[in-house]
Structures are given as C-alpha cells and as structure tokens.
Amino acid sequence: MTKIEFNTLVLRQASSLRSYALHFTHDADDANDLVQDTMLKAITYYNKFKEGTNLKGWLYTIMKNTFINNYRRFVKMSTFVTKSDEISSPNLVFSSTKNQGESKFVMDDIKRALDRLPEDYYVPFTMYFEGHKYHEIADHLIIPIGTVKTRIHVARKLLKKSLKAYDNGVKKPIYAEEF
C-alpha cells in the first residue's frame, strides 16, 4: 500500500474518529484537536501500520493513547501552576521563602502570647518548658501536682488560641494517651 492510499484511508475515518473523540473530550473543539493529533500521528507513523490489520482499531488505539498522554500532561502541569490571580492563605507558606525577619515576627508573637498568660499559668508552663518535672514544679510553687498539670494544660490551650494564625491546618495524630 502506498503512502497516498494509506492517507486516503485515514482521511475517510475522520468522521468516526470525531465521534469517538467526543466520547473522550465532551467538547467539539477539543475533539477536533484530538482527531487532528491522531491523524497526524497515523500519517507520520504509517510505516508502523501492518497491512491487513484493522485500520479503524489502530486509529482508535492511537487516539485513546494520545488522549491519555495529554490528560496526564495536563494533570501534571496543573499541580505545578496555580490558575488563580490570588494565592489562598494556606498556600502562602509555599509561595514564599523563609528568612530571619519571619522568624523574628514568630518569636515576637510567641513572646507576646506568653506575656499575656496569667502568672498562675505562666510560671508552671515556663518551668515545664525549661525541663522541670511536674513534682519539681509542685514543690517549688507549693501546690498539688494535679494543679500543676492543670495549669500547664490550660496554658497550652491559651497559647494555642493566641497563636492560631500559625496553625497550618494539618491534622495532628491522636495518640492513645490523649483520650
């Protein structure tokens, strides 16, 4: 079979290729593009076609593979490119670089949150944070160990509430001892 005969046979399949392409794309313009890509590949790789093989099936296979490859490429590119003009707040962390200035702001906010804690919560929390054991804190403040644990817990809750802006929305794992 000559290349001209092959091209003629491929061009005769255009209408059935178009309806098959609509099955994939659900859009007339995209279907036409897919048909055009399929026909171009078929004509380009005409020497790969074995005479006596089902031409329509061969073209359908080329179309299906072309569609799948284009879709994968689109999905891959969509994950890298943000399509909106504005970046959402949770994604701002990924769009900028970290520097010393940001760390200073974070530390200032932590210090401010700690300074806002009532002294009854501040002292046990800072002692615990510095590495003291519950019983050492209880002995130092002359209060029951249960009160120390409660005050540290409340201090954590208050700090968490004050520093909510830094919560990146990532769910923390729940451990058995937290129940």
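Predicted model: local features only at pLDDT ≥ 70, side-chain atom pairs only at ≥ 80, totals over all residues.

Author: **Aromatic rings in their setting**

Among contacts (heavy atoms within 4.5 Å) in the protein with a separation of 6 or more, 61% join residues 24 or more positions apart. Residues are numbered from 1 along each chain as its sequence is written, and side-chain values use heavy atoms, with hydrogens and water left out.

The protein has nine helices and zero strands (DSSP runs numbered from the N terminus: H or I of at least four residues for helices, E of at least two for strands). From the N terminus on, the order is therefore simply α-α-α-α-α-α-α-α-α. Of the 179 residues, 21% count as buried (under 20% relative accessible area; exposed is over 50%, partly exposed in between, with a 1.4 Å probe and protein chains only). The exposed surface comes to about 14100 Å², with 57% of it supplied by carbon and sulfur atoms (Shrake-Rupley method, 1.4 Å probe; for residues, only the protein chains shown count as cover).

Now to the rings themselves. A search of the whole structure finds 10 aromatic pairs (Phe, Tyr and six-membered Trp rings with centres within 6.5 Å; planes under 30 degrees apart are stacked, over 60 edge-to-face, the rest tilted). Take Phe 24 and Phe 67: their ring centres lie 5.0 Å apart and their planes meet at 20°, so this pair is stacked. Because Phe 24 belongs to helix 2 and Phe 67 to helix 4, the pair ties together parts that are 43 residues apart in sequence. Phe 24, at 18% relative accessibility, counts as buried, and Phe 67, with a relative accessible area of 23%, is partly exposed.

Phe 67 has a further ring partner in Tyr 71, and that pair is stacked too, at 6.4 Å centre to centre with 20° between the planes. Here both residues sit in helix 4, four residues apart, which is about one turn of the helix. Taken together, Tyr 20, Phe 24, Tyr 60, Phe 67 and Tyr 71 form one aromatic cluster.

Tyr 71 also leads us out to the surface. With Phe 74 and Val 75, Tyr 71 makes a nonpolar patch on the surface, and the three have about 300 Å² of accessible area together (patch members have over 30% relative accessible area and no salt bridge; like charges are joined within 9 Å, nonpolar Val, Leu, Ile, Met, Phe, Trp and Tyr side chains within 5 Å). Val 75 is another residue of helix 4 and, at 35% relative accessibility, counts as partly exposed.

In soluble globular proteins, nonpolar side chains tend to be buried together. The largest nonpolar core here has 17 residues, of which Val 10, Leu 55, Trp 58, Leu 59 and Met 63 touch the most other members (buried Ala, Val, Leu, Ile, Met, Phe, Trp, Tyr and Cys joined through side-chain atoms within 4.5 Å). Helix 1 (3-12), helix 2, helix 3 and helix 4 each supply at least two residues of this core. Apart from it lies another core, of 13 residues, including Ala 113, Leu 114, Leu 117 and Ala 138.

Two residues show the packing here. Setting aside neighbours within four places in sequence, Leu 55 is in contact with Phe 6, Leu 9, Val 10, Gln 13 and Phe 49. Thr 38, found in helix 3, is buried at 0% relative accessibility. Not counting residues up to four places away in sequence, Thr 38 touches Leu 59, Ile 62 and Met 63.

Although His 26 is not a glycine, its phi is positive, at about 60°. His 26 counts as exposed, at 68% relative accessibility.

Key
Salt bridge = Lys/Arg side-chain N within 4 Å of Asp/Glu carboxyl O.
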